[in-house]
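Here is a short report on pockets, cavities and ring contacts. Which spaces does the fold leave, and which rings pair up?

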Amino acid sequence: MSDAAAADIVPPRGDRPRVLSGIQPTFQLHLGNYLGALRHWAREQDSYDNYFCIVDLHALTAVPDPELVRNSVLELAALYMACGLDPERSVLFVQSHVAAHAQLGWILECYTPLGWLERMTQFKSKAGAGRERERAPAGLLTYPDLMAADILLYDADYVPVGDDQRQHVEISRDIAQRINSLRGEVFRVPEPLIRSTGARVMGLDDPTTKMSKSTALTKAGHAILLLDLPDTVRHKIGRATTDTNPSVGEPIGPGVANLLEIHASLRGTSREEALAQFAGKSYGALKSAVTDAVNEALEPVQKRYYELRADEATLRGILARAAERAATVANVTLLRVQRAVGLR
Ligand code: AQP
């Protein structure tokens with residue numbers, strides 16, 4: 001097909017706004033990924049035109065073992081669906097299966113001032129300093145351009161993410177606006193979509209840092225993993241940091257606030273209602289209620305996950321079909337950008 005013909009076949013957008021988001025297939029997902037991202041994506045599928053990717057190219061910045069990447073992609077695909085994402089209503093695809101992501105990523109790198117990338121919090125925290133930084137993979141620095149490519153390729157209106165990703169969506173907007181101002185209206189400029197509950201679940205062991213997959217890998221008590229057994233969940237929450245008050249009450253420390261937030265988020269109440277419910281109660285009572293809420297939420301997810309994960313052929317088929325659908329949209333945008341920057 002000629003370029004001109006490809007550019008004319010713009011898949012219909014429909015009336016609903018489009019969302020694009022993704023998760024790295026690195027290590028196991030945790031409760032923060034579920035409450036901050038996945039659960040909202042699944043619940044709101046009928047309100048949006050949905051594109052959710054498994055961002056395996058991003059995972060390479062952590063340089064995991066190849067077998068781990070391969071396995072984690074299928075694990076994540078099964079978890080997406082186990083958490084309620086429906087491949088009929090959402091395009092669930094693997095980032096590296098659509099070559100346009102890497103192609104647009106390079107173009108964006110060439111249009112992004114180095115200072116913007118060097119200022120990113122994630123780069124500074126993950127690349128370290130001095131000799132450690134010299135050895136860090138260059139992909140840690142250019143990561144935001146690839147993420148901007150993920151979003152901009154689909155002309156996404158919104159990017160539903162947890163609060164930790166706010167800076168990445170902001171830089172994607174900045175990159176899009178910079179190119180639009182230099183080369184005409186090339187990109188739709190997306191907005192972050194950050195929900196008020198569950199947007200920043202904190203580590204159980206250290207409630208001043210966000211729950212994260214990479215920390216969970218080295219600290220067993222840090223995160224509740226979506227595939228944790230009920231007893232493991234009970235044990236981890238039982239050991240979660242609270243504070244020195246004799247019972248739940250003002251002033252609320254960060255550990256107790258985190259447990260109340262998890263409870264409120266899972267039970268569909270407000271923070272104020274959760275505080276009123278547990279005020280004056282022991283930390284043991286709060287932890288027991290949080291454990292029950294977590295285990296009730298995870299039980300159906302785990303059951304469905306193991307059924308889906310057992311059928312690898314079906315998973316691969318879903319991902320292959322979704323990559324074709326995603327590529328149809330992405331290639332049209334890529335061609336538009338290539339023309340705007342003088343490559344065609
Ligand atoms: N603690 C969290 N609370 C709420 N939302 C969160 N998300 C991540 N952590 C929390 C959201 O989950 C989606 C996927 O993010 P990710 O793949 O970057 O997951 P991660 O746990 O942040 O992974 P890493 O590899 O461990 O990253 P670092 O080390 O940077 O924390 C996103 O929507 C994210 O907002």
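Domain 1 (3-199 + 312-341) and domain 2 (213-306) each give at least three residues to the lining of the largest pocket; the domain bounds come from an automatic or database assignment. This is a predicted model: local features need pLDDT of at least 70, side-chain atom pairs count only at pLDDT 80 or more, and totals for chains, interfaces and linings use all residues. Residues are numbered from 1 along each chain as its sequence is written, and side-chain values use heavy atoms, without hydrogens and water.

The largest pocket holds about 1,200 Å³. Its lining has 48 residues, with Gln 122, Lys 126, Asp 164, Gln 165 and Lys 210 nearest the centre. Elements giving two or more residues to this lining include strand 1 (18-23), helix 7 (121-127) and helix 10 (166-183). Helices (H or I, at least four residues) and strands (E, at least two) are DSSP runs, numbered from the N terminus.

On a 1 Å grid over the protein atoms alone, a cavity is a set of points where a 1.4 Å probe fits but cannot get out; a pocket is an open set with protein on both sides within 12 Å along at least five of seven lines; lining residues have an atom within 4 Å of a point. Volume is the space filled by probe spheres set on the points, which are joined across faces, edges and corners.

The whole structure has 2 cavities of 30 Å³ or more.

| Space | Volume | Lining includes |
|---|---|---|
| Largest cavity | about 60 Å³ | Trp 41, Tyr 48, Phe 52 |
| Second largest cavity | about 40 Å³ | Phe 27, Ser 72, Glu 75 |

Helix 2 (31-43) and strand 2 (49-54) each supply at least two lining residues to the largest cavity.

Some of these names return among the rings. Rings of Phe, Tyr and Trp (its six-membered ring) pair if their centres lie within 6.5 Å; planes under 30 degrees apart count as stacked, over 60 as edge-to-face, the rest as tilted. There are 6 aromatic pairs. Tyr 48 and Tyr 158 are edge-to-face, because their centres lie 6.2 Å apart and their planes stand at 70°. This pair links distant parts of the chain, 110 residues apart: Tyr 48 lies in the loop between helix 2 and strand 2, Tyr 158 in strand 4 (residues 158-160). Tyr 48 is buried at 12% relative accessibility, while Tyr 158 is partly exposed at 29%. Buried means under 20% relative accessible area, exposed over 50%, partly exposed in between (1.4 Å probe, protein chains only). Trp 41, Phe 52 and Tyr 80 form a cluster through ring pairs.
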